[in-house]
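Open the model in your viewer and keep the sequence panel beside it. Each stop below gives a selection and then what is there.

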Amino acid sequence: MSNALQLPIIDLASPDRFSTANSIRKQACIDHGFFYLVNHGVDEELVKKVFEQSSNFFSFPIEEKMKLAIKNHRGYTALYAEKLDTTLTTKGDSKETFYLGPLADGLNQWPLEEDLPSWRSAMETYHQKVLSAGTKLLSLIALSLKLDEDFFWKVGALNEQVGVIRLLHYPGSGDSDSSSEEIYGASAHSDYGMITLLMTDGVPGLQICREKSKQPQVWEDVPSISGAFIVNIGDMMERWTNCLFRSTLHRVLPPRQERYSVAFFMDPGKDCIVECLESCCSEACPPRY
């Protein structure tokens, strides 16, 4: 069962930060766990370039892509190599991916410049720009939780380079295995970090389930808005807020046509201690974790 959904729209450039923070709290993070982010400062031309470069890489023969096979959580994963919902009996999700992490740690794998000119520079610029937008958004999320704007800096969540780009390619149904088993583009899961900023090419397929513990599950389609990020709350933020903010179950249906997206995951620094926020617990609502 699937219904259309209209998510809240958050304007990152709004001068009224407290009103924006209030909208993030009440409309976006408590009710949905998903929202659109506009006026985020990531240039449309840069986004276009990143999608072009992503398409260029995934169009390579599998032998070439496997030269950059994933290690240290960076690099290429092939079609069906991952299965986000491990309860499924299917062979894996119908997607191929490429991971790029923080720029300064030296772990990223890069295609040769002669094979993909400007690929590395486009990805590095995109990482920097989206990290900046995500950091600004986290300061508004802090305000929404009645915390200082720099809370996530002070607790060490942002004190080291964070941010992982995940390039995603979902072959159209005409390109994939035509077996009778139900194979998702990305099977049902929640993200484990703080927030995720997703840009898509507009091809539909993303769905969310707001009440993940209820049966039967109700899935709602998430339309894309041109130029807007689709942002979702992750498991760490849900724990931080004592489940006030929801980390929403989501999935990608196998698209009828080829689909590309770029996810940017913001996870807390490895030494950051995640514990229930004082503003999110009380005698009547003690910490759940």
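## Stop 1: helix α1

In α1, the buried residues are T20, A21, I24, R25, A28 and C29. Buried means under 20% relative accessible area, exposed over 50%, and partly exposed in between, with a 1.4 Å probe and protein chains only. This is a predicted model: local features need pLDDT of at least 70, side-chain atom pairs count only at pLDDT 80 or more, and totals for chains, interfaces and linings use all residues. Residues are numbered from 1 along each chain as its sequence is written, and side-chain values use heavy atoms, with hydrogens and water left out.

Select residues 17-30 to see the whole of α1. Helices (H or I, at least four residues) and strands (E, at least two) are DSSP runs, numbered from the N terminus. The 14 residues of α1 should span 20 Å at 1.5 Å a residue, and its end C-alpha atoms are 18 Å apart, which agrees. The expected span is 1.5 Å times one less than the number of residues.

Now centre on I24. Here α1 bends by about 35 degrees. The bend is the angle between axes fitted to the seven residues ending at a residue and the seven starting there.

What do the buried residues of α1 pack against? Show β2 (9-11), β3 (34-38), α4 (119-144) and β11 (229-233): these are the partners. Contact means heavy atoms within 4.5 Å.

## Stop 2: helix α4

Stay with α4. Its 26 residues should span 38 Å at 1.5 Å a residue; the end C-alpha atoms are 37 Å apart, which agrees. Select S144, which belongs to α4. S144 is buried, with a relative accessible area of 3%. Not counting residues up to four places away in sequence, S144 touches A21, I24, R25 and F245. Step on to K146, which follows α4 and has a positive phi, near 60 degrees.

## Stop 3: helix α2

Select residues 44-58. This is α2, with 15 residues. From first C-alpha to last, α2 reaches 21 Å, close to the 21 Å expected at 1.5 Å a residue.

Colour L46, V47, V50, F51, Q53, S54, F57 and F58: these are the buried residues of α2. Look down the axis of α2: they fall within an arc of 165 degrees, so they line one face of the helix. The arc is that of the directions from the helix axis to the C-beta atoms. In general, an α-helix has 3.6 residues a turn, so residues three or four places apart point the same way.

Turn to the other side of α2, where E44 and E45 are exposed. Then go to the start of α2. A side-chain oxygen of D43 reaches to within 3.0 Å of the backbone nitrogen of E45. A polar contact is a pair of N or O atoms within 3.5 Å; within protein, one must be able to donate a hydrogen and the other to accept it, and residues adjacent in sequence count only if both atoms are side-chain atoms.

Next pick E52, also in α2. E52 is partly exposed, with a relative accessible area of 43%.

## Stop 4

Select residues 164-170, strand β6. Seven of its seven residues are buried. V164, R166, L168 and Y170 are on one side, and I165, L167 and H169 on the other.

Two strands pair if DSSP finds at least two bridges between them. F98 stands opposite L167 in β6.

Seven bridges join β6 to β13, and the two run antiparallel. H169 stands opposite Y260 in β13.

Zoom in on S261, in β13 (residues 259-266). Buried or exposed? S261 counts as buried, at 1% relative accessibility. Leaving aside neighbours within four places in sequence, its contacts include F51, R166 and Y170.

## Stop 5

Select β9 (residues 206-209) and β12. Four bridges join these antiparallel strands. The partner of C209 in β12 is L249, and that of I208 is H250.

Finish with β10 (residues 219-221), which pairs with β9 in the antiparallel sense over two bridges. Q207 stands opposite D221 in β10.
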